[in-house]
Amino acid sequence: MRAARLIRMVLLLQSRPRMTAAELAGELEVSERTVARDAQALSEAGVPVYAERGRAGGYALVGGYRTGLTGLAPEEAQALFLSGVPGALREMGLGEAASAARLKVSAALAPPVREASRAVNGRFHLDAPAWYTRPEAPGLLAPLAEAVWDDRRVAAAYRRADREVRRELEPYGLVLKAGVWYVCARAEGAGRARVYRVDRFTEVRDLGTRFARDTGFDLARFWRERAEEFARSLLREEVRLRLSPAGARRLPGATDPRAAREALAAAGWRDGSARWVEDVVLPVESLEVAYEQLLGLGPEAEVVAPPELRDRLREAARRMAGLYG
């Protein structure tokens with residue numbers, strides 16, 4: 001709805017000194033032409049939006065303008081209360097602060113909206129760790145979290161394989177993945193941030209100095225790119241397959257999903273096809289892992305190469321035929 005979009009535009013400009021048309025278009029998910037029309041509409045309605053042309057231009061509110069359109073709708077309050085991750089906040093030492101903040105927000109809301117907290121807590125619960133694990137918060141998570149919040153350099157000792165490594169780090173952000181905490185940090189003298197498992201730190205000491213945070217660093221994008229690089233780095237071998245239509249559909253569930261989808265696309269497979277798919281080149285972690293994965297596809301997959309994997313599956317098929325007659 002346009003009215004809701006106009007309100008969002010005012011609130012965005014109220015929270016930042018200036019925004020370009022491209023930035024507003026991205027936030028509002030509209031075109032830059034729509035942004036220009038909306039700015040004109042706000043100006044005609046008495047909201048002091050002005051545009052500055054040129055390379056450093058953009059949209060801004062006349063200094064000091066504040067809107068009273070900051071009340072929360074019930075669904076907005078529900079989203080706000082749902083956005084917290086209590087377990088993660090508690091592990092970072094922020095459990096009490098988060099609880100106090102939720103109470104303050106609840107107290108400030110109108111009675112019908114105040115019920116959003118109770119409604120959300122009764123309907124949704126996030127349990128991040130994987131099954132069959134009993135995760136414990138790493139002992140040095142709290143000091144690392146403090147360094148992340150305050151942009152403070154730390155001297156750290158870190159277990160790597162059979163040795164301990166010491167580094168001076170600039171910790172940019174924390175990530176909780178499947179119950180495991182990671183810190184994204186730059187080492188002194190390194191141009192690129194790296195990922196460290198928090199439970200492998202044996203020492204974290206505040207150096208008493210702050211670092212200048214790179215304003216272009218995007219934690220979510222950084223983590224996504226590194227996660228993709230890590231997943232690809234594990235796939236060191238290749239196997240060549242023939243797949244039935246059923247085998248092609250099941251391949252992403254049996255092996256690395258992304259690698260399987262890319263391999264099928266490269267072989268020209270389309271969902272719904274009734275023909276066997278020829279010459280599927282699939283990256284795998286190892287031939288041992290591929291054996292266990294492809295064995296689950298049974299007669300829906302034929303390994304063409306390498307010969308040693310084909311021979312192992314042939315022997316497995318012979319033994320299985322013996323068991324079932």
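**Helix packing and local features of the predicted chain**

At 46% relative accessibility, Asp279 counts as partly exposed, a class that lies between buried (under 20% relative accessible area) and exposed (over 50%), with a 1.4 Å probe and protein chains only. Asp279 is found in strand S9, residues 277-284. Its phi is near 55°, a positive value in a residue other than glycine. The model is predicted: local features need pLDDT of at least 70, side-chain atom pairs count only at pLDDT 80 or more, and totals for chains, interfaces and linings use all residues. Residues are numbered from 1 along each chain as its sequence is written, and side-chain values use heavy atoms, with hydrogens and water left out.

The secondary structure of the chain comes to 13 helices and ten strands. Helices (H or I, at least four residues) and strands (E, at least two) are DSSP runs, numbered from the N terminus. The chain has 325 residues, and 32% of them count as buried. Its accessible surface comes to about 20,800 Å². Carbon and sulfur atoms account for 52% of that surface. Accessible areas come from the Shrake-Rupley method with a 1.4 Å probe; for residues, only the protein chains shown count as cover. Contacts (heavy atoms within 4.5 Å) were also sorted by sequence separation. Among those between residues at least 6 apart in sequence, 62% join residues at least 24 apart.

Helix H1 (residues 2-15) packs with helix H2 (residues 21-28) at an angle of about 130°. The two axes are 11 Å apart. Axes are lines fitted to C-alpha atoms, for helices over the stretch in contact, and angles run from 0 to 180 degrees between N-to-C directions. That angle makes H1 oblique to H2. Under the scheme used, angles under 35 degrees count as roughly parallel, over 145 as roughly antiparallel, 65 to 115 as roughly perpendicular and the rest as oblique. The crossing of H1 and H2 is right-handed; a right-handed crossing has the near helix turned clockwise from the far one by less than a right angle, a left-handed one anticlockwise. On the H1 side, the contact is made by Arg5, Arg8, Met9, Leu12 and Leu13. They meet Leu24, Glu27 and Leu28 in H2. By class, the contact of H1 with H2 has five nonpolar, no polar and three charged residues. Here Ala, Val, Leu, Ile, Met, Phe, Trp, Tyr, Cys and Pro count as nonpolar, Asp, Glu, Lys and Arg as charged, and the others, Gly among them, as polar.

H1 also meets helix H3 (residues 32-44): the axes come within 11 Å and cross at roughly 85°. That makes H1 roughly perpendicular to H3. H1 contributes Arg2, Arg5, Leu6, Met9 and Val10 to the contact. H3 contributes Thr34, Val35, Arg37, Asp38, Ala39, Ala41 and Leu42. These residues divide into seven nonpolar, one polar and four charged.

Ala39 lies in H3 and counts as buried at 8% relative accessibility. Ala39 and Val10 are 29 residues apart in sequence, with 9.1 Å between their C-alpha atoms. Beyond its neighbours within four places in sequence, Ala39 is in contact with Met9, Val49 and Tyr59. Gln14 lies in H1. This glutamine counts as buried, at 16% relative accessibility. Gln14 touches Leu61, Tyr65, Arg66 and Thr67, residues up to four places away in sequence not being counted.

Arg226, in helix H9 (residues 219-233), is buried, with a relative accessible area of 17%. Leaving out residues up to four places away in sequence, Arg226 touches Arg192, Ala193 and Val195. Leu241 is found in strand S8 (residues 237-243). At 0% relative accessibility, Leu241 counts as buried. With residues up to four places away in sequence not counted, the residues touched by Leu241 include Leu251, Val277, Asp279, Leu294 and Val304.

A cis peptide bond joins Ala305 and Pro306, with omega about 5°. Pro306 lies in the loop between strand S10 (301-305) and helix H13 (307-324). Phi of Asp151 is near 55°, a positive value in a residue other than glycine. Asp151 lies in the loop between helix H8 (141-150) and strand S3 (152-160).
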